[in-house]
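Trainee: I am new to this structure. Please pick one part, look at it closely, and then take me on from there.

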Amino acid sequence: MSEAVAECFGRAAAGYDQHATLQRRAAERLLQKARPAAQWLDLGTGTGYVARGLPAQQVLALDLALPMLQQAQCLGTPNPVCGDITALPVQAGSVDGIAANLSLQWCHPLAETLLKLADVVRPGGQLLATLPLAHTFPELQPLAQQGVLACNRFADEAGLNQMLSQSGWAEWQLTPFTEVVHFADVRTLLAHFKATGAHHSAQRQAGLRGRAWWRRLNDHLIQHRQAQGIPLTWQLVLVEATR
């Protein structure tokens, strides 16, 4: 994971939970599948929501952004560890389960990361991860194709299945699901990405964003307005794997 990703999430730490509706929804699906165990490792713990909910005697809460870990500690999250998912500071075969709520999509290449995760889990241990799928944010895709917005590219189900088949996990199951969050206006929608650290994009290009850019963005998104507000659709998947 890059320093740019850490900086984005670090800046978002203080107000993260006020805007993390989608992240909590995904976390609840993940936590419902977690089996009680001696030790869990929560990757990309953020402010520690998943770490505090895992059924374990001990949870290691890992994040690359130190301000996120500081916020997690203030909320009562135990055992914070500042570290990189792609270079885990834990020994092989040392944990019973790994949780990763909307964090593995920042790891490149993902296939290599999945292989490393299998190495640190004991036989019979669990991996639970939520990830965005290809074709998420359909409301934003036309803008991305026109170069108005930069959007990250995510794996599809076939790609994930192939990666898991080569990563050392004995069994796995993919459960796609959709979440929609509504925003009062376009400014609130964009503020959500910034406030949750998710505005980082490898495709992002530097440049001025003036009135014409804003007008084009606003005119496109207000066409999607519903009674609840402007929708943003996440196509997600819950990965359940056994070592």
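Mentor: Start with helices α9 and α10, which are roughly perpendicular to each other (65 to 115 degrees; under 35 is roughly parallel, over 145 roughly antiparallel, the rest oblique). This is a predicted model, where local features need pLDDT of at least 70 and side-chain atom pairs 80 or more, while totals for chains, interfaces and linings use all residues. Numbering starts at 1 along each chain, and side-chain values use heavy atoms, without hydrogens and water.

Helix α9 spans residues 186–195, and α10 spans residues 211–221 (helices are DSSP runs of H or I, at least four residues; strands are runs of E, at least two; numbering is from the N terminus). They pack at about 100 degrees, with axes 10 Å apart (lines fitted to C-alpha atoms over the stretch in contact; angles run from 0 to 180 degrees between N-to-C directions). From α9, Val186, Arg187 and Leu190 make the contact (heavy atoms within 4.5 Å). Facing them from α10 are Trp213, Trp214, Leu217, Asn218 and Leu221.

Now move to α6, residues 110–120. Leu110, Thr113, Leu114, Leu117, Ala118 and Val120 are buried there (under 20% relative accessible area with a 1.4 Å probe, protein chains only; exposed is over 50%, partly exposed in between). These residues sit on the same side of α6, because they cover an arc of only 165 degrees around the axis (taken from the axis to the C-beta atoms). Their cover includes β1, β4 (95–101), β5 (121–132) and α8 (157–165).

Follow β1 next. Strand β1 covers residues 37–43 and runs parallel to β2, residues 56–63, with six bridges between them (a pair needs at least two DSSP bridges). Gln39 has Gln58 as its bridge partner in β2. Leu41 is partnered by Leu60 of β2. Strand β1 also pairs in the parallel sense with β4, over four bridges. There, Trp40 stands opposite Gly97 of β4.

Then take β2 onward. It pairs with β3, residues 80–82, in the parallel sense over three bridges. Ala61 stands opposite Pro80 in β3.
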